Amino acid sequence: MLLGHNFIGFETRSAGDKKLQAFSTVQKENLPGDFAIATADEISAAVQKAKAAFETYSQTSFAERAAFLEAIADEIMELGDALILRAHLETGLPEARITGERGRTVGQLRLFATHLQDGSFVDAIIDTAMPDRKPLPRADLRRMMVPIGPVAVFAASNFPLAFSTAGGDTASALAAGCPVVVKAHSAHLGTNELVASAIIKAAQKTGMPDGVFSSLIGEGSVLGQQLVKHPAIKAVGFTGSFRGGMALMKSAVNDREEPIPVYAEMSSINPVLVLPGKIAADADAVAAQLSASITLGVGQFCTNPGLLFIINDSNTEAFVQKLSNALAQVPAATMLNKTICSAYQSERQQLLGQPGVQAVFQGEEAGADYKATASLAQTTAENFRQNSALQNEVFGPTSLVVLCNDAADLKETLAHLHGQLTGTVMGTPDDLAQFHNSVEVMTQKVGRLIYNGVPTGVEVSHAMMHGGPFPATTFAHFTSVGTEAINRFLRPVCYQDCPQEFLPDALKDSNPLHLMRKVDGVFTRNAVGRVAAVSL
Ligand code: NAP
């Protein structure tokens, strides 16, 4: 049974009078559970506990933190079908999708556990002293990454598990050695409570400090703002709207004595270049592949392909018609929540109402059922260049075809693109050679470049880059998916002439953690003083 309380570290509290309920777009009614909005005192208590916990948690060994992450994964699995059902009802996402997302979430936690065991994320670099160097001696310099401090995480509407309470932001911050305070998403409060209780159990079982994790309920304008402005919070992880992300970013810079980073993943329409040779060779398959990607998860993915650049030739009209026919066959499907459903209908109308934009296909509005249908619109490259409103995100299964006259027109148009999470090229080998310059322009605008695939589907791995130039994210040089996401919550410290006994293990001469380190410019696992060997 759901109790509707806030988790202030290991304590549960629900002193506030105001309650929230989770609405189900599947059952079209509020679900059981009254969730108490955290009071200002409760918010403050959670952050103070996180601050106190940082002192001990940041000093835990990599093995201890890895055991904690593994235990969270185990406890989430222990929740069983109750978690799957509640998340399905709260988001409208099919149970199979939620089951897959749970696998991704626990897989992500376990991947970070492995990353911790490896330890290379601390990026240890040692420049040994050169006392005899002329004209000046060189000091002994040893640098590594250390945790930044308590992190506020905003759960995302579109991934109730993988980008929420125990999602990638939480996993990477905990792996880094940072306590986490989660702002639950108001659309999936029951899912949040189940997962938060799993994290607390795991923390207690593995001996983590009280305050290493808290989860709070409330509105963004109150709870979210109080978190981002609290002096003890040192970084923020966010996935959501451009407006929400920018509001947090502004508060983090303007309304605090000490500005902090807000790693916000916000808005991306993920351009796809569908090149002419590919259309001539494979029109049916490309249309089917694109249609499936545009409508996957009712288009509610940050990597949804919302923009298709096509060179206008004799095959174009037939191809656009094939794509339109494929989209028309996809039945209406339930969206995540009321707000996202009505936002989709209005964003779609705004796009279709722009000058020079024609609807190729528009499914019926099914707003009353909280369902959405796909749409395909079309415009010219010249019109696209002149109207930046055509780059506004339509969060749902809608895509805009931009017809370009030739390679030069395509290249010029791509130069007007805003920053994106992904860019995709669908082309034959000849296409790729002929349009290489356009692809180069697109590369400057994106975090991930996909060849002959689709942008939806983001692997959780070491090399993944899920980020991109503004406005896709606030910091183009970080990813929010994969092990490199840990870097958002670390900062470098250099120890100069520090005695061995006061150095962290990662930087000691003897290399007790057996880390790969860069010693005097050479990668090695050897102790300092032994002959270095490049042994990756
Ligand atoms: P959202 O409105 O940005 O909300 C995300 C989280 O931020 C919520 O917890 C919200 O709290 C909080 N928040 C919003 N404005 C805030 C502010 N000014 N100060 C502090 N906190 C604030 O996003 P959403 O509800 O998840 O979805 C709405 C739209 O976001 C979608 O229609 C879509 O356009 C976009 N979206 C994009 C992605 C993506 O990956 N690109 C993913 C999800 C959503 P409250 O809700 O409690 O106010």
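# Briefing: ligand site, helices and backbone features

Of the 24 residues around the ligand, those that come nearest are S157, Q225, S241, M266 and C302. The model is predicted.

**Ligand surroundings**

- The side chain of Q225 has an N or O atom 2.9 Å from a nitrogen atom of the ligand.
- In the side chain of H185, an N or O atom is 3.2 Å from an oxygen atom of the ligand.
- For E265, a side-chain N or O atom is 3.3 Å from an oxygen atom of the ligand.
- On its own the ligand has 870 Å² of accessible area, and the protein covers 83% of this.
- Helix 7 (220-229), strand 12 (235-239) and helix 8 (242-254) are the elements that give two or more residues to the shell around the ligand.

**L227 in helix 7**

- L227 is a residue of helix 7, and it counts as buried because its relative accessibility is 0%, where the cut-off for buried is under 20%.
- Not counting residues up to four places away in sequence, L227 touches I43, V47, A152, V181, K183, L216 and I233.
- V151 is 76 residues from L227 along the chain, and the C-alpha atoms of the two are separated by 9.3 Å.

**Helix 2: E75 and I76**

- Helix 2 (residues 62-78) contains I76, and E75 is found in helix 2 as well.
- I76 has 2% relative accessibility and therefore counts as buried.
- Leaving aside neighbours within four places in sequence, I76 is in contact with L83, R102, V106, L109, A166, V195 and A198.
- The side chains of E75 and K205 are joined by a polar contact of 2.6 Å.
- With residues up to four places away in sequence not counted, E75 touches A198, K201, A202 and K205.

**Helix 3**

- In helix 3 (residues 81-91), 8 of the 11 residues are buried, so this helix is largely enclosed by the rest of the structure.
- The buried residues are L83, I84, R86, A87, H88, L89, E90 and T91.
- These buried residues pack against strand 4 (23-24), strand 6 (35-36), helix 2, helix 4 (95-118) and helix 6 (189-205).

**Helix 10**

- Helix 10 (residues 316-328) has 13 residues, and the distance from its first C-alpha to its last is 18 Å, close to the 18 Å expected at 1.5 Å a residue.
- Its buried residues are T316, F319, V320, L323, S324, A326 and L327.
- Seen down the axis of helix 10, these residues fall within an arc of 160 degrees, so they line one face of the helix.
- The cover over the buried residues of helix 10 includes strand 14 (271-274), helix 9 (276-295), strand 15 (307-311), strand 17 (358-362), strand 19 (375-380) and strand 20 (398-404).

**Helix 13**

- D409, L410, T413 and L414 are the buried residues of helix 13 (residues 407-414).
- They line one face of helix 13, because their directions seen down its axis fall within an arc of 130 degrees.
- The buried residues of helix 13 pack against strand 14, strand 15, helix 12 (381-386), strand 20 and helix 15 (436-443).
- At the start of helix 13, a side-chain oxygen of D406 reaches to within 3.2 Å of the backbone nitrogen of A408.

**Cis peptide bonds**

- K134 and P135 are joined by a cis peptide bond with omega near 5 degrees, and P135 is in the loop between strand 7 (125-127) and strand 8 (141-147).
- The peptide bond between F470 and P471 is cis, with omega about 5 degrees, and P471 is found in the loop between strand 22 (446-451) and strand 23 (490-496).

- K28 is not a glycine, yet has a positive phi of about 60 degrees.
- K28 lies in the loop between strand 4 and strand 5 (29-30) and is partly exposed, with a relative accessible area of 41%.
- H514, a residue other than glycine, has a positive phi near 55 degrees.
- The loop between strand 23 and strand 24 (517-519) holds H514, which is partly exposed at a relative accessible area of 49%.

Methods: Residues numbered from 1 in each chain as written. Predicted model: local features only at pLDDT ≥ 70, side-chain atom pairs only at ≥ 80, totals over all residues. Heavy atoms only, no water. Helix = DSSP H or I, 4+ residues; strand = E, 2+ residues; numbered from the N terminus. Expected span 1.5 Å × (residues − 1). Buried < 20%, exposed > 50% of the residue type's maximum accessible area, 1.4 Å probe, protein only. Arc of directions from axis to C-beta. Contact = heavy atoms within 4.5 Å. Near = heavy atom within 4 Å. Polar contact = N/O pair within 3.5 Å; in protein donor to acceptor, adjacent residues only side chain to side chain. Areas by Shrake-Rupley, 256 points an atom, 1.4 Å probe, with all protein chains shown as cover.
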